[in-house]
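Here are some quick notes on one set of strands, written for a colleague who likes to check things in the viewer. Have the structure open as you read.

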Amino acid sequence: MIDAKSPGNGDGGGGASDEDAGGVQAVDTAVRVLSALIDTGAPLMLKTVAERAEMQPPKAHRYLVSFCRGGLAERDSASGGYRLGPLAVRIGLAALRRLNVVQVASPTLGEMRDELGFTVGLAVWGSAGPTYVRFEETNDALVISGRPGSVMPMLTSSTGQLFGAYMPASVTAPFIERELAGVQHPGAIPNKIARTMSKADVRALFEAVRKRKLARIEGDLNPGLHGISAPVFDHAGAVAGVITVMGPAGRIDTRFDGPVAKALAARAEDVSRRMGWG
């Protein structure tokens with residue numbers, strides 16, 4: 001095994017050096033080597049790093065030497081393999097601290113509205129419960145059930161069901177208990193869905209939501225308005241927000257295996273990846 005402190009060898013490529021490319025190619029190559037170290041458990045041996053970066057081992061080794069010196073990588077003394085170093089970890093944490101689900105997800109909402117032809121909203125968990133913070137609306141005459149700042153119920157909205165499925169029970173329990181006791185959510189149409197549910201029913205509902213990673217409501221909160229929702233996760237796997245597609249009954253397809261659900265799930269997963277999850 002080549003030691004990180006040993007002199008580098010030739011790149012084995014037989015072509016122009018990175019310096020000949022004016023520095024840009026060198027940066028691109030460095031990114032490839034660093035990317036090879038991401039999403040790994042045990043430290044990687046030099047050969048594996050080179051294979052993932054698609055270059056000869058001597059060339060990969062030269063980059064690893066510099067990364068180890070600068071703290072972007074480090075070498076495991078026991079196995080001799082390489083992993084991300086303390087500076088890379090600090091950079092990653094700094095980037096994560098700057099991530100905001102509203103900022104990250106907002107461009108996606110408009111894209112989804114244009115792609116699907118329905119209103120799309122983003123909700124986060126607020127002090128009063130599931131709270132909408134952003135809508136991208138269509139030109140339909142449909143009057144949606146809320147606006148930014150609107151708080152959704154836990155059991156009779158697809159948005160609330162997802163927060164109920166993924167938020168800690170210690171946080172959501174007071175909100176759920178009020179609904180089970182028959183306290184009507186402001187703005188909701190009269191219904192008996194929540195008050196006729198038992199705690200066992202709620203657990204089964206949330207289990208089904210977690211299994212699908214989707215929730216839907218058809219006219220329970222607003223007559224004629226159907227919605228389907230998907231969660232967005234942060235770098236730690238906690239639910240950071242919920243994206244909901246909503247439209248008039250008879251037009252929007254809320255089947256869990258339908259095209260709207262598939263597009264929504266794919267978009268929510270993409271936002272989660274950009275939030276650092278997966």
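The points below go strand by strand.

1. First, a caveat: this is a predicted model. Please read the points that follow with that in mind.

2. Start with strand S5, residues 215-218. Ala 215 and Ile 217 make up its covered face, while Arg 216 and Glu 218 sit on the uncovered one. In general, side chains in a regular strand alternate between the two faces of the sheet.

3. Next comes S6, residues 225-233, which runs antiparallel to S5 and is joined to it by four bridges.

4. How many residues of S6 are buried? Nine of the nine, so the strand is largely enclosed by the rest of the structure. Leu 225, Gly 227, Ser 229, Pro 231 and Phe 233 point one way, and His 226, Ile 228, Ala 230 and Val 232 point the other way. Residues on both sides are buried, whereas S5 has an uncovered face.

5. On to S7, residues 239-248: nine bridges tie this strand to S6, again antiparallel.

6. Finally, have a look at the hairpin of S6 and S7. Five residues lie between the strands, and in this hairpin Gly 237 takes a positive phi near 85°.

Methods: Residues numbered from 1 in each chain as written. Predicted model: local features only at pLDDT ≥ 70, side-chain atom pairs only at ≥ 80, totals over all residues. Heavy atoms only, no water. Buried < 20%, exposed > 50% of the residue type's maximum accessible area, 1.4 Å probe, protein only. Helix = DSSP H or I, 4+ residues; strand = E, 2+ residues; numbered from the N terminus. Pairing = 2+ DSSP bridges.
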